[in-house]
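Welcome, and thank you for taking a look at this protein with us. Please have the sequence and the 3D view at hand, and we will walk through a few places together.

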Amino acid sequence: PAASAMDTIVPAPESVTPNPAADFELSEQTAILAPGEAAGVGEYLAGVVRPSTGFPVPVNPALPGTGDIALALDGDPALGPEGYRLQVADDAVRVHATSTDGLFNGVQTLRQLLPAGIESPTAQPGPWTMPGGEITDKPRFGHRSAQLDPARHFFTVDMVKRYIDQVAKYKINKLHLHLTDDQGWRLQINSWPRLTEFGAQTEVGGTPGGFYTQQDYAEIVDYAASRHMTVIPEIDMPGHTNAALSSYAELNCDGVAPPPYTGIDVGFSSLCVNKDITYRFVEDVIREVAALTPGPYLHIGGDEAHSTTDEDYVAFMSKVLPLVEKYGKKPLGWHEYGKAAPQGDAVLQFWGTTNGDPLLTEAVARGNKVLASPANKSYLDMKYDENTPLGLQWAGFIEVADAYGWDPGSYLQGVPEESVLGVEAPMFSETLETSQHIEFMAFPRLPAIAELGWSAKGALNWESFKNRLATQGPRWQAAGQDFYRSPQIPWT
Ligand SMILES: CC1=[NH+][C@H]2[C@@H](O1)O[C@H](CO)[C@@H](O)[C@@H]2O
């Protein structure tokens, strides 16, 4: 077991210096001091500690005083855009950063220094003691992403917010939403209303589907931003488009709309590459989605276009990629779209079960970056083992040690670390319907992927990780969040 709670942080910080003589006790008198722009993070922290301690924990703009937790935007530039310095002394706690993102990351570490009960939504007995010492920290990769698939099974705005809060604890800073697929179109597009009026009616298994109005989507974007997370919307094309094709007969090459699809096969649908209306459709969708998305990326999918010839696929992508740029976004796509040789600032998301692909080497040569999400390491919808009641197994079983046992900076052949944008943990929802399902599959493997994205290469160590991960179990229990009690972890 760790000597100090300072040695249990997930993801592993860059440097930790415990000082047992300087424990800090959060008390009835503690205030959070958060001047100027730091106020938002101050209110967030107060929202974490008030319910479980029962203390008032006011948030003040005043300068630091004794007995207070102070958030200050006076960080050393060397901390970078997301780094922080956390100092815990017996009379005060300080978080220093160069940005509110850095303060937010420091607060995620600070909350892990408090006992597990701090995560409870109801008042718990104290004492609320934090171990003394100092932590200096910043991420290895700037892109650390979690993906949700509301297309196969629809997830409400509240379910998405719940997952945002759960993954933010591990310094995930991107949320990829797989908004469209064969089984459902989940985002209202004003210029093509039947996409949701008709195309959102159902889901895998034939149960009622659902969709996000543009206001719902804006609410998700704003909530994610309040957790310092950027939303990356995915409009999957030209394959995985049965929901759109069933909504508009004219989008089909033969002018006949297929019925809504509630199975889990892939590769049977394709937009009609040779029709002009296809590109009016795509441009309208990209225009509306880009206008709703403050973040820099728009994910255009591109996977499993088995009903589109390679020639047609390249022709399609060659017309669509300029539209992404036209509306001010950078293209992200599953790595097959490398066939269309996207320009420099495009990103290929690798989802293979091998150590790379020639398309990645070609992409690196063009100056593209690669987002690492190998399906046999990072897919949270894979079963843990043959007994897992939920999930798929096409990429193999993924236990926690598998999810942790690779280095994103060197795993992909022909992709040097400087070409790796970061990591993502996809979670496709063919078999997942509820928040409990999401939590059971995401925890404890999501924190493993989060550590691979955040911690220094030299800090990646299974013995250390599994012991630190073990201390997260009581925190998830306190929060009323489900997780899989992997036999690989010495749960505390
Ligand atoms: C990028 C990608 N395309 C496929 C593949 O991942 O596997 C997923 C299930 O694990 C499936 O839902 C998805 O449609």
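Let us begin with His96, which sits in strand S7 (residues 92-97). Keep in mind as you look around that this is a predicted model. His96 counts as buried because its relative accessibility is 17%, and the cut-off for buried is under 20%. Leaving out residues up to four places away in sequence, His96 touches Ala72, Asp74, Gly75, Leu79, Gly83, Tyr84, Arg85, Gln87 and Leu103. With one of these, Asp74, the side chain of His96 forms a polar contact of 2.8 Å. Asp76 is 20 residues away from His96 in sequence, and their C-alpha atoms are 8.0 Å apart in space.

**Two helices**

Next comes helix H1 (residues 39-53), which has 15 residues. At 1.5 Å a residue H1 should span 21 Å, and its end C-alpha atoms are 20 Å apart, so the two values agree. Which residues of H1 are buried? They are Val41, Gly42, Tyr44, Leu45, Ala46, Val48, Val49, Ser52 and Thr53. These buried residues pack against strands S2 (24-26), S3 (32-33), S4 (59-60), S5 (68-72) and S8 (128-130), and against helix H2 (100-113). Just after H1, Gly54 takes a positive phi of about 80°.

Helix H3 (residues 157-168) has 12 residues and reaches 16 Å from its first C-alpha to its last, close to the expected 16 Å. H3 is mostly covered, with nine of its 12 residues buried. Those buried residues are Val157, Met159, Val160, Lys161, Tyr163, Ile164, Gln166, Val167 and Ala168. What covers them includes H2, strand S10 (143-148), strand S11 (174-178), helix H5 (214-226), helix H12 (435-442) and H13.

Is Ser455 buried or exposed? Ser455 is buried, because its relative accessible area is 1%, and buried means under 20%. Apart from its neighbours within four places in sequence, Ser455 is in contact with Pro11, Ala12, Arg140 and Leu460. Its side chain reaches the backbone oxygen of Ala12 at 2.8 Å.

Thr353 also has its place in a loop, this one between strand S15 (347-350) and helix H9 (358-366). At 39% relative accessibility, Thr353 counts as partly exposed. Thr353 touches Ala375, Asn376, Trp394 and Ala395, not counting residues up to four places away in sequence. Thr353 and Trp394 are 41 residues apart along the chain, while their C-alpha atoms are separated by 9.7 Å.

**Around the ligand**

Trp394 brings us to the ligand: of the 14 residues around the ligand, Arg152, Asp303, Asp381, Trp394 and Glu430 come nearest. The residues of this shell divide into eight nonpolar, one polar and five charged. The table lists distances from ligand atoms to polar side-chain atoms.

| Residue | Ligand atom | Distance |
|---|---|---|
| Asp303 | nitrogen | 2.7 Å |
| Glu304 | nitrogen | 3.2 Å |
| Tyr379 | oxygen | 2.9 Å |

How much of the ligand does the protein bury? Taken alone, the ligand exposes 350 Å², and the protein buries 97% of that.

Key:
Residues numbered from 1 in each chain as written. Predicted model: local features only at pLDDT ≥ 70, side-chain atom pairs only at ≥ 80, totals over all residues. Heavy atoms only, no water. Helix = DSSP H or I, 4+ residues; strand = E, 2+ residues; numbered from the N terminus. Expected span 1.5 Å × (residues − 1). Buried < 20%, exposed > 50% of the residue type's maximum accessible area, 1.4 Å probe, protein only. Contact = heavy atoms within 4.5 Å. Polar contact = N/O pair within 3.5 Å; in protein donor to acceptor, adjacent residues only side chain to side chain. Near = heavy atom within 4 Å. Areas by Shrake-Rupley, 256 points an atom, 1.4 Å probe, with all protein chains shown as cover. Nonpolar A, V, L, I, M, F, W, Y, C, P; charged D, E, K, R; others polar.
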